[in-house]
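Start with the sequence and the structure.

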Amino acid sequence: MSQPLAITAVGMVTGVGLNAAASCAAIRCAIDNFQETRFIDDGGEWIMGCEAPLEQPWRGKTKLLKLAALAIRECLEEHGQIQPEQTPLLLCLPETERPGRVLTDDNAFFFELQQELGMQFHAKSRVIAMGRVSAGVALQHTRKLFQAGTARQVVIAATDSLLVGATLAAFMEREYVLTSRNSDGFIPGEAGAAVVVEPV
């Protein structure tokens, strides 16, 4: 029988809060921060979106880096007992085939993230670039790490932004995005999140 897992710390940076407490409170209060983006749909109207309001107007790879680092740092501070060199970090990223993907070298991005955080994680750390299903794959891998006795805790983190011109264009073509001509789409956004997972 599979051993149950527990989430023992969290970190979040979203369009409605720069930490987990603020983000969750805003979500409970139905605050969405949807506003016009700098992108125009095929009907000539501004696309609505939810941008994470960081201290500087970072874009592209740098913004993904900042979102991930802020979420991971909050998560580790909340837990208080994580030793990064003994803890694998499973980093979930956009799928490699996504149009408009701003990352060209996932391993280099992982290295830059460790530099941003000023820490180095366990050698069994890895990138999982599978988009929406990455977190599920990361949980499966986490269970294997625990079963092998490799670690006592694992950090699972994710960072993504759909507020990229080429990505939105591709999604509009598939009628995924809410626009003036498509009322059955989603509103794009961006976020970073992290959790510490431990066996129970």
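Phenylalanine 186 is partly exposed, at a relative accessible area of 32%. Here buried means under 20% relative accessible area, exposed over 50%, and partly exposed in between, with a 1.4 Å probe and protein chains only. The model is predicted: local features need pLDDT of at least 70, side-chain atom pairs count only at pLDDT 80 or more, and totals for chains, interfaces and linings use all residues. Residues are numbered from 1 along each chain as its sequence is written, and side-chain values use heavy atoms, with hydrogens and water left out.

**Ring contacts**

Rings of Phe, Tyr and Trp (its six-membered ring) pair if their centres lie within 6.5 Å; planes under 30 degrees apart are stacked, over 60 edge-to-face, and the rest tilted. The count comes to two aromatic pairs. One of them joins phenylalanine 171 to phenylalanine 186, edge-to-face, at 6.1 Å centre to centre and 75° between the planes. This pair links distant parts of the chain, 15 residues apart: phenylalanine 171 is in helix α5 (residues 165–173), and phenylalanine 186 is in the loop between α5 and β7. Helices (H or I, at least four residues) and strands (E, at least two) are DSSP runs, numbered from the N terminus. Phenylalanine 171 is buried, at 10% relative accessibility. Phe171, Tyr176 and Phe186 form one aromatic cluster.

Another ring meets a charge. The charged end of lysine 66 sits over the ring of tryptophan 58, 4.7 Å from its centre. The rule asks for NZ of Lys or CZ of Arg within 6 Å of the ring centre and within 35 degrees of the ring normal.

**Pockets and a cavity**

Rolling a probe the size of a water molecule over the atoms shows where empty space is left. The search runs on a 1 Å grid over the protein atoms alone. A cavity is a set of points where a 1.4 Å probe fits but cannot get out; a pocket is an open set with protein on both sides within 12 Å along at least five of seven lines. Lining residues have an atom within 4 Å of a point. Grid points are joined across faces, edges and corners, and a volume is the space filled by probe spheres set on the points.

| Space | Volume | Lining by class |
|---|---|---|
| Largest pocket | about 490 Å³ | 14 nonpolar, seven polar, five charged |
| Second largest pocket | about 240 Å³ | five nonpolar, one polar, six charged |
| Largest cavity | about 60 Å³ | five nonpolar, three polar, three charged |

Ala, Val, Leu, Ile, Met, Phe, Trp, Tyr, Cys and Pro count as nonpolar, Asp, Glu, Lys and Arg as charged, and the others, Gly among them, as polar.

The largest share, four residues, comes from β7.

The lining of the second largest pocket includes Asp160, Phe171, Tyr176 and Phe186. Arg98 and Pro99 also line this pocket. The structure holds one cavity of 30 Å³ or more. Among the residues lining the cavity are Arg98, Pro99 and Asp160.

**Contacts across the chain**

Serine 134 is found in helix α4. It is buried, with a relative accessible area of 1%. Its C-alpha lies 8.6 Å from that of glutamate 95, 39 residues apart along the chain. Serine 2 lies in the segment before β1 (5–13). Serine 2 is partly exposed, at 46% relative accessibility. Serine 2 and arginine 143 are 141 residues apart in sequence, yet 8.3 Å apart in space, C-alpha to C-alpha.

**Positive phi**

Asparagine 33 has phi near 55°, a positive value in a residue other than glycine. It sits in the loop between α1 (20–28) and β2 (35–40). Glutamate 175 also has a positive phi, near 60°. Glutamate 175 is in the loop between α5 and β7, and it is exposed, at 58%.

**Cysteines**

How many disulfides are there? With a disulfide taken as a pair of cysteine sulfur atoms within 2.5 Å, the count is zero. Cysteine 24 is in no disulfide; the nearest cysteine sulfur, that of cysteine 29, is 11 Å away. Cysteine 24 is partly exposed, at 28% relative accessibility, while cysteine 29 is exposed, at 56%.
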